Amino acid sequence: VNGWTAYHTQAERDVFTAITNELVAAQQPLMSPRTATGTTLELGRADLLEPAQIGWGELGRNFKNRAQQLCFVQGPVAKGLYAHAPSKLRFDLGGQWTNFSGSAGVLWGSTLGSVVAIIRVDGIEKFRSSTLTATSSQPTFSVNVQGGQTLELEFTDAGDSANSDWSTWINPVLTR
């Protein structure tokens with residue numbers, strides 16, 4: 001018996017499988033935040049700096065779970081970045097942006113998951129959430145990134161293992 005089977009009920013495994021099977025890639029080509037035009041950029045449409053670190057599975061971009069979408073305690077959302085903790089995603093800002101906003105959370109249905117969301121700009125921590133679970137509210141953030149070269153989004157396992165840490169950056173947007 002592997003750890004996945006040992007730690008999760010069949011219902012939990014079914015929910016997670018349905019979610020990951022329905023992750024939908026961005027419809028448009030990915031773009032570098034450094035060279036993107038316009039006043040806003042959804043990070044689900046942004047190129048990552050390599051290497052990305054994802055605890056389990058693959059990065060989900062601008063996702064939806066059929067008509068239901070991905071659900072959190074506050075309801076469904078349609079845009080974001082799903083990255084099972086522990087994860088680190090980095091973006092090349094090139095000093096082109098002024099603000100980064102959104103929220104962070106753990107997918108509904110994760111009975112064991114707990115994470116901490118951290119945002120760094122040029123290696124300096126700008127935001128740290130409390131421990132998040134599927135039933136906690138998703139904290140919103142608005143981070144000044146003016147002049148920043150690199151944006152790093154991290155989910156830790158909150159110090160209690162990475163079991164069911166189905167973590168997501170919800171509606172993450174860069175603005176000028």
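Which residue in E13 is the bridge partner of Val106? In this predicted model, the partner is Ser167.

## Strand pairing around E13

Strand E13 covers residues 167-175. E8, which spans residues 99-106, pairs with E13 in the antiparallel sense. Their pairing runs over 7 bridges. The link between Val106 and Ser167 belongs to this part of the picture.

E13 also pairs with strand E1, residues 40-42. These two run antiparallel and are joined by 3 bridges. Here Glu42 has Val173 of E13 as its bridge partner. Strand E6, residues 80-82, is another antiparallel partner of E13, again over 3 bridges.

## The nonpolar core

The largest nonpolar core has 30 residues. Leu151 and Trp169 have the most contacts inside it. Several strands give two or more residues to this core: E7, E8, E9 (116-121), E11, E12 (150-156) and E13.

In soluble globular proteins, nonpolar side chains tend to be buried together.

## Aromatic residues

The structure holds 4 aromatic pairs. In one of them, the ring centres of Phe100 and Phe141 lie 5.1 Å apart. Their planes meet at 35 degrees, so the pair counts as tilted. The pair links distant parts of the chain. Phe100 is in strand E8, Phe141 is in strand E11 (residues 140-144), and 41 residues separate them. Both Phe100 and Phe141 are buried.

These two rings belong to one aromatic cluster. Its members are Phe100, Phe127, Phe141, Phe155 and Trp169.

Which residue lies over the face of Trp97? Arg176 does, at 3.8 Å from the ring centre.

## Ser87 in strand E7

Is Ser87 buried or exposed? Ser87 has 1% relative accessibility, so this residue counts as buried. Ser87 is found in strand E7, residues 87-92.

Leaving out residues up to four places away in sequence, Ser87 touches Gln53, Ile54, Leu153, Glu154 and Phe155.

Note on methods:
Residues are numbered from 1 along each chain as its sequence is written. This is a predicted model: local features need pLDDT of at least 70, side-chain atom pairs count only at pLDDT 80 or more; totals for chains, interfaces and linings use all residues. Side-chain values use heavy atoms; hydrogens and water are left out. Helices (H or I, at least four residues) and strands (E, at least two) are DSSP runs, numbered from the N terminus. Buried means under 20% relative accessible area, exposed over 50%, partly exposed in between (1.4 Å probe, protein chains only). Contact means heavy atoms within 4.5 Å. Rings of Phe, Tyr and Trp (its six-membered ring) pair if their centres lie within 6.5 Å; planes under 30 degrees apart count as stacked, over 60 as edge-to-face and the rest as tilted. A charge sits over a ring if NZ of Lys or CZ of Arg is within 6 Å of the ring centre and within 35 degrees of the ring normal. Two strands pair if DSSP finds at least two bridges between them. A nonpolar core is a set of buried Ala, Val, Leu, Ile, Met, Phe, Trp, Tyr and Cys residues joined through side-chain atoms within 4.5 Å.
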